[in-house]
Amino acid sequence: RPLRPGLFLLSLMGSEMSGSSSVPVDYPPPLVVKAKGVHSATVIFLHGLGDTGAGWHDPVAHMLGPRLPHVKFILPSAQTGPVTLNFGFPMPRWYDIHALTEGAPEDEAGIKQSVDYVHKLINDEVAAGVSSDRVVVGGFSQGGAVAIYSALTTPQPLAGAVALSSYIPLAPSLMEEVTALPEHGKGTKVFWGHGDADPLVKYAYGLKSKELLEKLGVPVDFRTYRGMQHSACDAEIAD
């Protein structure tokens, strides 16, 4: 059955927009689902555009929690702000979106502000006693874009990263940052799931993202889900 369809989505590897972001400073408190057993690992999972962390409670924490009793799930919510693509209508978003076409301008300041927030969540887990190599960062759609950028640019080694129906944002900037990082940044294992019928973040964008990661030396487990549109499914979550 399909889970959490995306409401809208974005550009791939477009031109970067400089300048300050219009996103407010504060983020809503994340939804935290405690480990059912002894906590020794953490999953941080970011929702897509127009959604909230609570929207991924069932397909992530509820579905995976019984299989992973040692894992705490952190489901952050994005700030609400105007989305240019939607005529400035405000909605939860990790950064602004200007168009769905490849090569459209990207909100560099907004993306990097969200990446900084994810890095803070990782650091908070480490400060609480969880080793960074026991932390996984993932996300769906726009959230997946932020998650991948965050996972590959954190100075600490992670257990892995997950991108569902997503793409690589700010590709030139990411390549530069990853190249400058210690070797563990390029060693972060990535799981990438994508439906081959996705009309928003097209399947071809996922394949291009896979190729870019491979050029950086990042190991990618890319899974194709036949007939799936801009959504997720039980089989993908189980994988």
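**Salt bridges and a hairpin**

E108 is buried, with 18% relative accessible area. The model is predicted. In this model, E108, K112 and E177 are linked in a network of salt bridges. The whole structure has 8 salt bridges.

- K112 pairs with E108 in a salt bridge, and their closest N and O atoms are 3.2 Å apart.
- About one helical turn separates K112 from E108, because the two are 4 residues apart in helix α2.
- K112 is partly exposed, at 27% relative accessible area.
- K112 also forms a salt bridge with E177, at 3.6 Å from N to O.
- K112 sits in helix α2 and E177 in helix α4 (residues 171–180), so this pair ties together parts 65 residues apart in sequence.
- E177 is partly exposed, with a relative accessible area of 28%.

**The E125 and K72 pair**

- A salt bridge joins the side chains of E125 and K72, at 3.0 Å from N to O.
- E125 belongs to helix α2 (residues 108–127) and K72 to strand β5 (residues 71–75), so the pair ties together parts that are 53 residues apart in sequence.
- E125 counts as buried, at 5% relative accessibility.
- K72 is buried as well, with a relative accessible area of 17%.

- Strands β6 (residues 80–83) and β7 (residues 89–92) run antiparallel and are joined by 4 bridges.
- V83 stands opposite F89 in β7.
- The hairpin of β6 and β7 has 5 residues between its strands.
- In the turn, F87 has a positive phi of about 60°.

Technical notes: Residues numbered from 1 in each chain as written. Predicted model: local features only at pLDDT ≥ 70, side-chain atom pairs only at ≥ 80, totals over all residues. Heavy atoms only, no water. Pairing = 2+ DSSP bridges. Salt bridge = Lys/Arg side-chain N within 4 Å of Asp/Glu carboxyl O. Buried < 20%, exposed > 50% of the residue type's maximum accessible area, 1.4 Å probe, protein only.
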